[in-house]
Amino acid sequence: MPPASSSNGGNTSNNSISIVWFRRDLRVEDNPALAAGVRAGYVVSVFIWAPEEEGTYFPGRVSRWWLSQSLKHLDSSLRSLGANLITKRSFDTASTLVDVVNSTGATNLFFNHLYDPLSLVRDHRIKELLSSRGLTVRSFNADLLYEPWEVADENGCPFSTFEPFWNKCLSMPYDPAAPLLPPKRIISADVSRCPSDTLVFEDESERGSNALLARAWSPGWRNANKALNAFINGPLIDYSVNRRKADGATTSLLSPHLHFGELSVRKVFHLVQIKLLVWTNEENESGKESVNLFLKSIGLREYSRYLSFNHPFSHERPLLSHLKFFPWVVDENYFKAWRQGRTGYPLVDAGMRELWATGWLHDRIRVVVSSFFVKVLQLPWRWGMKYFWDTLLDADLECDALGWQYISGTLPDGREFDRIDNPQFEGYKFDPNGEYVRRWLPELIRLPTEWIHHPWDAPEPVLQAAGIELGSNYPLPIVEISAAKERIQEALTEMWQIETASRTAMENETEEGLGDSSDLPPFYYPQEIHMEADPEPTRANNLLTTTRRYSDQMVPSITSSFVRNDEDAISVDISSTREDGRAEVPTNVNFDDQTHGATDQDGAAVVRNNAVLEFSPARLQNRLEFSEESSSSYTERDGGLVPVWSPSNLSEHFISEETSVRTSAYLQRHPQTHQMMNWRQISPPEKLGGGEHIAPKCYRLDSMKASQNVAKSTPLFLYHFADSKVL
DNA sequence: CAGTAGTTACT
DNA sequence: GTAACTACT
């Protein structure tokens with residue numbers, strides 16, 4: 001049992017022991033949790049590695065590599081300040097934290113907020129658990145300019161589109177908190193009874209590929225600052241001009257640093273603002289435009305957290321459900337061709353090869369390949385998002401969910417669904433000279449620029465001269481754009497039919513509840529995910545060969561995932577090893593076996609091999625203890641802010657909220673879809689009574705009315721600060 | 001002013 | 001490639 005905290009008055013005395021729990025805030029500068037720990041006295045810095053808790057979103061190889069490097073960097077910084085980083089391998093973060101409390105005598109726990117759905121639940125649980133054990137638990141904003149609950153419209157409701165959200169952020173009455181300097185020194189607590197585990201982030205097969213990464217990237221918060229300075233004093237001024245070039249380092253390249261919190265976004269914001277002032281004085285219009293565009297991309301990152309916080313299922317469920325019945329193409333061969341860069345569209349293929357080889361992709365090209373995935377191949381977007389998650393160096397659940405939802409047309413302000421971007425035209429836009437394509441598709445290296453983005457149109461002699469045999473050493477288009485357009489229209493027709501049938505079924509349904517729980521079918525993701533074919537185009541043939549090269553970029557298999565179970569028993573079975581040679585997170589690490597089978601009351605979880613995370617709203621709801629309270633005292637800037645979940649009925653609010661979100665242009669052109677969906681969703685059948693007369697009210701497309709509906713609808717999560725009880 | 005050419009597109 | 005918006009004749 002930990003020593004009970006004697007001072008619960010809110011002011012931690014200056015000689016108490018604090019755990020500073022590092023997560024995705026791997027820096028000593030502008031780290032409010034660390035600063036609070038230093039202020040309070042003795043510090044135990046701890047990082048807990050519990051990837052199994054992430055379920056499906058188990059970090060990919062390159063992401064794990066970055067993390068391992070970043071932790072080394074942080075550890076050396078902390079050591080030079082006086083306190084090393086304790087690293088723990090865990091299968092249950094909460095019980096590991098309790099262990100750390102017990103072995104160090106800590107009375108405070110400080111950490112910085114995260115906004116992904118898993119963290120929201122876990123952190124809330126941990127706060128409850130440790131508070132109940134007498135600890136002072138305080139959490140801070142280190143990841144955002146403004147906390148999600150600080151940014152609301154004039155009615156106090158969350159925004160549902162980006163533009164007004166970002167305008168509001170830029171015109172807040174107070175500036176984002178000024179960045180904190182690093183502590184001058186840290187007084188370490190006695191951690192002799194709290195030894196570190198050796199964390200293993202790569203296995204043998206991954207080592208070679210990872211060594212290459214170090215040539216291109218330098219993780220760590222000091223390196224992040226260098227990269228920031230280099231960008232601000234270099235490419236930033238030409239950002240507006242250069243950002244459309246697929247090739248070359250004209251973007252900031254800061255996203256992996258930001259993902260792991262090596263860089264404070266508030267510091268980025270402040271430094272960039274200074275440039276804006278300078279260029280405004282100099283009347284440098286393109287410089288100003290560049291800054292505003294770059295800030296907008298910072299804003300999109302903010303918005304991704306904002307969305308995730310307000311709609312914690314945005315990574316697995318469309319925000320607008322008007323495509324709920326869309327018949328996606330469930331074709332693993334298409335998926336494979338896309339991953340391997342063998343679709344026959346040079347810009348798409350070049351992008352996929354680059355991603356595969358480097359873990360990096362220019363923002364434009366991400367749009368191109370994901371749009372192709374959703375619109376041309378019509379594969380389920382969550383496959384694509386998962387693949388991005390597994391392969392991107394800056395894989396970020398919130399950002400990627402936002403991106404894929406945008407591409408898929410399931411955001412209120414997204415693009416229309418039935419618009420297909422043509423990679424041929426995008427190719428000449430983003431890669432006018434074909435340099436990017438030739439770099440990643442050497443088989444096309446001798447093809448003239450005139451044909452580089454549409455080799456299928458090239459005359460036979462040209463192809464011959466270039467050494468290209470379509471269908472042999474470079475594929476013909478896997479799907480024609482015109483065929484994709486037709487298929488989209490057919491599929492939409494089919495979707496409306498299914499919807500109508502479903503609505504009819506609902507009308508005849510006497511029992512309630514069937515509809516909502518079935519909204520989210522278990523996430524099926526193809527299991528055989530490797531990069532099988534040899535990526536080197538000179539040797540590649542058109543067939544999807546099955547030569548396996550495990551040493552290269554692989555998508556880690558879903559070896560084990562948490563499945564939230566309805567029973568409150570935990571059975572952890574991590575040890576069962578895989579027979580095949582797939583990449584997986586190594587498990588040969590030191591960990592305490594007693595955490596292994598630990599039971600706790602609400603984190604019920606079962607690890608099953610090859611199980612896929614199922615994390616449905618209904619189940620989440622069951623897991624949360626909702627608070628009755630709500631509060632509007634959002635004034636406190638930091639410290640003690642722990643979001644508390646408080647809706648009465650999660651799924652109901654979520655769905656009714658969907659209906660009031662401003663409709664997209666697509667819906668305006670297809671009102672019948674919208675009408676049906678809303679009609680169905682707005683209230684369960686048994687409350688409908690007459691039915692007919694309720695429907696028209698709910699799908700009114702008048703945007704003013706719609707925004708009022710947003711305003712009136714109960715927010716999905718009413719967060720408030722429960723810390724008055726604790727501090 | 002209408003019509004046309006040129007441009008830019010997006011979370 | 002299409003839509004939507006600018007600037008110019």
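A definition before you click: a residue is buried under 20% relative accessible area, exposed over 50% and partly exposed in between, using a 1.4 Å probe and protein chains only. Keep in mind that this is a predicted model, where local features need pLDDT of at least 70 and side-chain atom pairs count only at pLDDT 80 or more, while totals for chains, interfaces and linings use all residues. Residues are numbered from 1 along each chain as its sequence is written, chains are lettered from A and ligands numbered from 1 in the order in which they are written, and side-chain values use heavy atoms, with hydrogens and water left out.

**Whole chain.** Start by selecting chain A, which has 30 helices and eight strands. Both kinds of element are DSSP runs numbered from the N terminus: H or I over at least four residues for helices, E over at least two for strands. Of its 727 residues, 60% are buried. Now think about contacts, meaning heavy atoms within 4.5 Å. Among those in chain A between residues at least 6 apart in sequence, 83% join residues at least 24 apart.

Go to Asp-30, in the loop between strand 1 (16–22) and helix 1 (32–40). Its phi is near 45 degrees, a positive value in a residue other than glycine. Asp-30 counts as buried because its relative accessibility is 1%.

**The annotated positions.** Next, select Tyr-239, Thr-251, Ser-252, Leu-253, Leu-254, Ser-255, Phe-294, Asp-394, Ala-395 and Asp-396, which an unreviewed UniProt entry lists under "binding site". UniProt positions are given in the numbering used here, feature names are shortened, and annotations may be inferred rather than shown by experiment. The listed residues spread over 158 residues of sequence and, in space, up to 22.7 Å between C-alpha atoms.

**Three in a row.** Zoom in on the loop between helix 8 (239–242) and helix 9 (255–259), where you'll find Ser-252. Which residues does Ser-252 touch, not counting those up to four places away in sequence? They are Phe-231 and Phe-294. Ser-252 has a relative accessible area of 15%, so it is buried.

Leu-253 lies in the loop between helix 8 and helix 9 too. Check its backbone: phi is positive, about 60 degrees, although Leu-253 is not a glycine. With a relative accessible area of 28%, Leu-253 is partly exposed.

Leu-254 is also found in the loop between helix 8 and helix 9. Is Leu-254 buried or exposed? At 1% relative accessibility, it counts as buried. Show its contacts, leaving aside neighbours within four places in sequence, and you get Ala-224, Ala-227, Leu-228, Leu-263 and Phe-294.

**A helix pair.** Now color helix 12 (residues 332–340) and helix 15 (residues 381–391), which pack at an angle of about 35 degrees with their axes 12 Å apart. The axes are lines fitted to C-alpha atoms, for helices over the stretch in contact, and angles run from 0 to 180 degrees between N-to-C directions. Show side chains: Glu-332, Phe-335, Trp-338 and Arg-339 in helix 12 meet Trp-383, Gly-384, Tyr-387 and Phe-388 in helix 15.

**Last stop.** Finish at Asn-310, in helix 11 (residues 285–310). Asn-310 is buried, with a relative accessible area of 10%. Draw a C-alpha to C-alpha distance from Asn-310 to Pro-59: the two are 24 Å apart in space and 251 residues apart in sequence.
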